[in-house]
Amino acid sequence: MGPADEFEQEARRCGYRRIAGIDEAGRGPLAGPVVAAAVILPVHVRLVGVDDSKQLSEAERERLYPAILEKAVGVGIGVADAGEIDALNILEATRLAMRRAIENLAPSPDYLLTDAVILPEVRIPLRPIIKGDALSLSIAAASIIAKVTRDRLMAAYHERFLQYNFLSHKGYGTAEHLQMLAQFGPCSIHRRTFAPVREAILSAPATELSMAGPAIVPNRAS
């Protein structure tokens, strides 16, 4: 059946009006940022085909992306880059990206639905939902926005670091990506605290590591 708006309706019955679904993309890759999105949908909105982004093809996500932006009351995006992931750990960097998405959301939400993530520093009522991206329409919409945004960032990184073919694997630890890591060592958007990257650093010649160059730093809220 796909995601529905039952959780959103329940929140509205409790008096909340600006209910934001929040989700992220990019916790698992070896390279690139983690991206979060926060989406407020209008009451009884129809978004045919919206589902957990992992259940959709790239073409389906690209088709749904503008439809969500058109119908949403508000959309906020937050990014935490590879350096922040290494400094904080992936869970805390995910929470940072989610807080930035909330900060960038207008109008400001008065209630949050997340895909099982708790945000201790956020002072807005929040309900974490296990498998929320498969159950809540607004979380599913956020998962699509986050995934498409991250894929587009990785396409930009592909143009800068052609040797890794980020356009193909988006930074995930595929056989091809691991082979490129072994051959070239990591570049500046690789997550150095992730085991395969750490191993590549230990084995790569210093001359290869010097080829990395600076990362593309997305504009983000503090």
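This is a predicted model: local features need pLDDT of at least 70, side-chain atom pairs count only at pLDDT 80 or more; totals for chains, interfaces and linings use all residues.
At the start of helix H4, a side-chain oxygen of Asn89 reaches to within 3.1 Å of the backbone nitrogen of Leu91.

H4 is mostly covered. Of its 14 residues, 10 are buried. They run from Ala93, Thr94 and Arg95 through Leu96, Ala97 and Met98 to Arg99, Arg100, Ala101 and Ile102.

Follow the chain out of H4 towards E4. The loop between them holds Pro107. The peptide bond from Ala106 to Pro107 is cis, with omega near 5°. Most peptide bonds are trans, and most residues other than glycine have a negative phi. Two residues depart from the phi rule. Ala116 is not a glycine, yet has a positive phi of about 70°. Ala116 lies in the loop between E4 and strand E5 (126-128). Lys170 also has a positive phi, about 60°, without being a glycine. Its place is the loop between helix H7 (166-169) and helix H8. Are these residues buried or partly exposed? Ala116 is partly exposed, because its relative accessible area is 42%. Lys170 has a relative accessible area of 10%, so Lys170 counts as buried.

Next comes His190, in the loop between helix H8 (175-184) and helix H9 (195-203). At 1% relative accessibility, this histidine is buried; the cut-off for that label is under 20%. What does His190 contact, leaving aside its neighbours within four places in sequence? Its partners are Leu30, Ala31, Ala82, Asp86, Tyr164, Phe166, His177, Leu181 and Val197. One of them, His177, is joined to His190 by a side-chain polar contact of 2.9 Å. A polar atom of the His190 side chain also lies 2.8 Å from the backbone nitrogen of Cys187.

Glu58 is 132 residues from His190 along the chain, and their C-alpha atoms are separated by 23 Å. Leaving aside its neighbours within four places in sequence, Ser53 touches Arg61, Ser143, Ile144 and Lys147.

Finally, look for empty space. Rolling a probe the size of a water molecule over the atoms shows where such space is left. The structure holds one cavity of 30 Å³ or more. The largest cavity has a volume of about 60 Å³. Which residues line the largest cavity? They are Asp5, Glu8, Arg12, Ile19, Leu41, Pro42, Val43, His44, Val45, Leu137 and Ser138. Helix H1 (6-13) and helix H6 (137-160) each supply at least two residues of this lining. By type, the lining divides into six nonpolar, two polar and three charged residues.

Conventions
Residues are numbered from 1 along each chain as its sequence is written. Side-chain values use heavy atoms; hydrogens and water are left out. Buried means under 20% relative accessible area, exposed over 50%, partly exposed in between (1.4 Å probe, protein chains only). Helices (H or I, at least four residues) and strands (E, at least two) are DSSP runs, numbered from the N terminus. A polar contact is a pair of N or O atoms within 3.5 Å; within protein, one must be able to donate a hydrogen and the other to accept it, and residues adjacent in sequence count only if both atoms are side-chain atoms. On a 1 Å grid over the protein atoms alone, a cavity is a set of points where a 1.4 Å probe fits but cannot get out, and a pocket is an open set with protein on both sides within 12 Å along at least five of seven lines; lining residues have an atom within 4 Å of a point. Grid points are joined across faces, edges and corners, and a volume is the space filled by probe spheres set on the points. Ala, Val, Leu, Ile, Met, Phe, Trp, Tyr, Cys and Pro count as nonpolar, Asp, Glu, Lys and Arg as charged, and the others, Gly among them, as polar. Contact means heavy atoms within 4.5 Å.
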